[in-house]
Amino acid sequence: MLMKKAFQITNDGKKELEKELEQLKGRRGDIADKIAEARDYGDLSENAEYDAAREEQGVVETRIAEIEDILQNAEIISGAKKGQVGLGSTVELKTGSKTVKYTVVGPVEADPLEGKISNESPIGEALMGKKVGETVTIKTPKGETEYEVVAV
């Protein structure tokens with residue numbers, strides 16, 4: 001028997017995915033119209049509009065299936081134990097005079113530019129279970145950096 005992978009996401013992440021799913025489903029009609037319109041141009045073997053519309057349809061349908069799978073197998077995470085880094089925790093780290101803030105999320109929601117790091121990333125893995133006042137050494141391609149956990 002094949003085990004389905006559970007996707008760990010926050011409530012906010014679930015809402016974002018549901019919104020994206022609705023938008024994608026809303027595009028289905030437009031894409032179908034584009035395909036029908038392109039078909040009317042005649043010869044499909046040399047019809048760039050038709051090819052582009054079919055490709056767009058494939059991308060949209062793939063993403064819809066992906067989101068539906070994630071939502072179907074979603075495991076909602078809430079913050080970890082108070083004062084300890086876990087899934088859903090927002091952590092403030094300090095190194096020298098620089099302070100950074102991350103929210104530890106599952107891989108599905110990870111977006112480093114938004115400050116959301118995966119618990120499976122090197123930084124996320126190193127932070128799991130840490131408490132305020134503890135020091136964590138994070139290995140990155142640039143080398144090792146030591147951070148102090150300032151707040152959870």
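Modeller: Happy to! Let's begin with the surface: the protein has an accessible surface of about 9900 Å², and 49% of that belongs to carbon and sulfur atoms. Such areas come from the Shrake-Rupley method with a 1.4 Å probe, and for residues only the protein chains shown count as cover.

Biologist: What kind of model is this?

Modeller: This is a predicted model, where local features need pLDDT of at least 70 and side-chain atom pairs count only at pLDDT 80 or more, while totals for chains, interfaces and linings use all residues. Residues are numbered from 1 along each chain as its sequence is written, and side-chain values use heavy atoms, with hydrogens and water left out.

Biologist: How many helices and strands does the protein have?

Modeller: There are three helices and seven strands. Their order along the sequence is β-α-α-β-β-β-β-α-β-β. Helices (H or I, at least four residues) and strands (E, at least two) are DSSP runs, numbered from the N terminus.

Biologist: And what is the radius of gyration?

Modeller: The protein has 22 Å, whereas a compact globule of 152 residues would have a value near 15 Å. The radius is taken over C-alpha atoms, and the globule rule is 2.2 Å times the number of residues to the power 0.38. Along the principal axes, the C-alpha atoms fill a box of roughly 70 × 35 × 30 Å.

Biologist: What share of the residues is buried?

Modeller: Buried residues are 30% of the 152. Buried means under 20% relative accessible area, exposed over 50%, and partly exposed in between (1.4 Å probe, protein chains only).

Biologist: Switching to charges, how many salt bridges are there?

Modeller: The structure holds eight. A salt bridge here is a side-chain nitrogen of Lys or Arg within 4 Å of a carboxyl oxygen of Asp or Glu.

Biologist: Why would such side chains pair?

Modeller: Side chains of opposite charge can pair when their charged atoms come close.

Biologist: Which residue forms a salt bridge with arginine 28?

Modeller: That's glutamate 61, with the closest N and O atoms 2.9 Å apart. Glutamate 61 sits in helix 2 and arginine 28 in helix 1, 33 residues apart.

Biologist: And what about glutamate 56?

Modeller: Glutamate 56 forms a salt bridge with lysine 34, the closest N and O atoms being 3.0 Å apart. Glutamate 56 lies in helix 2 and lysine 34 in helix 1, so the pair ties together parts that are 22 residues apart in sequence. There is also a network of salt bridges linking Glu20, Arg63 and Glu66.

Biologist: New topic: where is lysine 130?

Modeller: Lysine 130 is in the loop between helix 3 (122–127) and strand 6 (135–140). At 24% relative accessibility, lysine 130 counts as partly exposed.

Biologist: Which residues does lysine 130 touch?

Modeller: Not counting residues up to four places away in sequence, lysine 130 touches Gly83, Gln84, Val85, Thr135, Val136 and Val149. Contact means heavy atoms within 4.5 Å. Lysine 130 and valine 149 are 19 residues apart in sequence and 7.5 Å apart in space, C-alpha to C-alpha.
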